[in-house]
Amino acid sequence: ESLQLQAHLIPAGNLLAGLAPISYLGINYKPTNWLAIELDTGWNFKADEVLFSIKPCLEYKKFWFWAEVDAQFPSYSGYWFAQVQYKITDWLHAGVEGEGWGNFSDSTTWSHGGGPNLLLRLGKHVGIDLTIHARDLPDDDIGVRPEFFLRWHLFL
């Protein structure tokens with residue numbers, strides 16, 4: 001029960017920009033009732049590269065924290081995501097999240113953003129995330145701008 005095989009498929013990074021699927025396969029280890037750590041290997045189909053990922057999850061009463069850090073090779077592209085949530089009800093969670101992507105070999109390529117979110121959990125198998133980030137893009141003179149997200153999840 002403390003060790004599970006996990007698989008994830010993300011069909012697109014941004015449906016408006018075209019399909020960019022990413023897949024993960026790994027082991028989720030849950031040594032306690034409040035901590036889980038997932039180690040994955042995966043494939044970025046658009047970049048045609050292998051990736052490695054670590055995903056810790058902490059839960060305490062009505063609070064939970066989840067994060068992900070990915071590294072792709074041979075390009076050294078990277079991605080991170082972190083969120084802290086408060087479970088208002090079983091179907092409504094409120095919190096904050098942050099996200100960034102860039103290249104580990106060049107710190108000037110990174111884009112970071114973050115902001116508040118609402119997560120709707122419609123039963124065990126469907127989720128909808130609503131969030132707004134303040135985002136600063138590299139090589140952009142506009143500065144920080146708002147970025148809106150609507151994410152759909154299917155949990156099998």
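Me: Which residues does Phe81 touch, not counting those up to four places away in sequence?
Reply: In this predicted model, Phe81 touches Trp66, Ala67, Glu68, Glu97, Gly98, Glu99 and Arg151. Each of these has heavy atoms within 4.5 Å of Phe81, which is what contact means here. Phe81 itself lies in strand E6, which spans 77-87.

Me: Why is Phe81 called buried?
Reply: Its relative accessible area is 6%. Buried means under 20%, so Phe81 is buried.

Me: How far apart are the C-alpha atoms of Phe81 and Gly102?
Reply: They are separated by 12 Å, while the two residues are 21 places apart along the chain.

Me: What makes the nonpolar surface patch?
Reply: Ile37, Leu39, Phe52, Ile54, Val69, Phe73, Tyr76 and Phe104 make it, with an area of about 710 Å². Nonpolar side chains are joined into a patch within 5 Å, provided that each residue has over 30% relative accessible area and no salt bridge.

Me: Which strands each supply at least two residues of that patch?
Reply: Strands E3 (35-44), E4 (49-60) and E5 (63-73) do. Phe104, also in the patch, has its place in the loop between strand E7 (92-103) and strand E8 (106-122).

Me: Why does Phe104 count as partly exposed?
Reply: Its relative accessibility is 46%. Partly exposed covers what lies between buried, under 20%, and exposed, over 50%, and therefore Phe104 counts as partly exposed.

Me: What kind of peptide bond joins Phe73 and Pro74?
Reply: The bond is cis, with omega about 15°. Most peptide bonds are trans. Pro74 sits in the loop between E5 and E6, and Phe73 belongs to the nonpolar patch.

Me: What is the phi of Asp48?
Reply: Phi of Asp48 is positive, about 55°, although the residue is not a glycine. Most residues other than glycine have a negative phi. Asp48 is placed in the loop between E3 and E4.

Me: Why does Asp48 count as exposed?
Reply: Asp48 has 54% relative accessibility. Exposed means over 50%, so Asp48 counts as exposed.

Me: Where does Lys61 lie?
Reply: Lys61 lies in the loop between E4 and E5. Its phi is near 55°, a positive value in a residue other than glycine.

Me: How do you know that Lys61 counts as exposed?
Reply: The relative accessibility of Lys61 is 73%. The cut-off for exposed is over 50%, and therefore Lys61 counts as exposed.

Technical notes
Residues numbered from 1 in each chain as written. Predicted model: local features only at pLDDT ≥ 70, side-chain atom pairs only at ≥ 80, totals over all residues. Heavy atoms only, no water. Patch = residues over 30% accessible without salt bridge, like charges linked within 9 Å, V, L, I, M, F, W, Y side chains within 5 Å. Areas by Shrake-Rupley, 256 points an atom, 1.4 Å probe, with all protein chains shown as cover. Salt bridge = Lys/Arg side-chain N within 4 Å of Asp/Glu carboxyl O. Helix = DSSP H or I, 4+ residues; strand = E, 2+ residues; numbered from the N terminus. Buried < 20%, exposed > 50% of the residue type's maximum accessible area, 1.4 Å probe, protein only.
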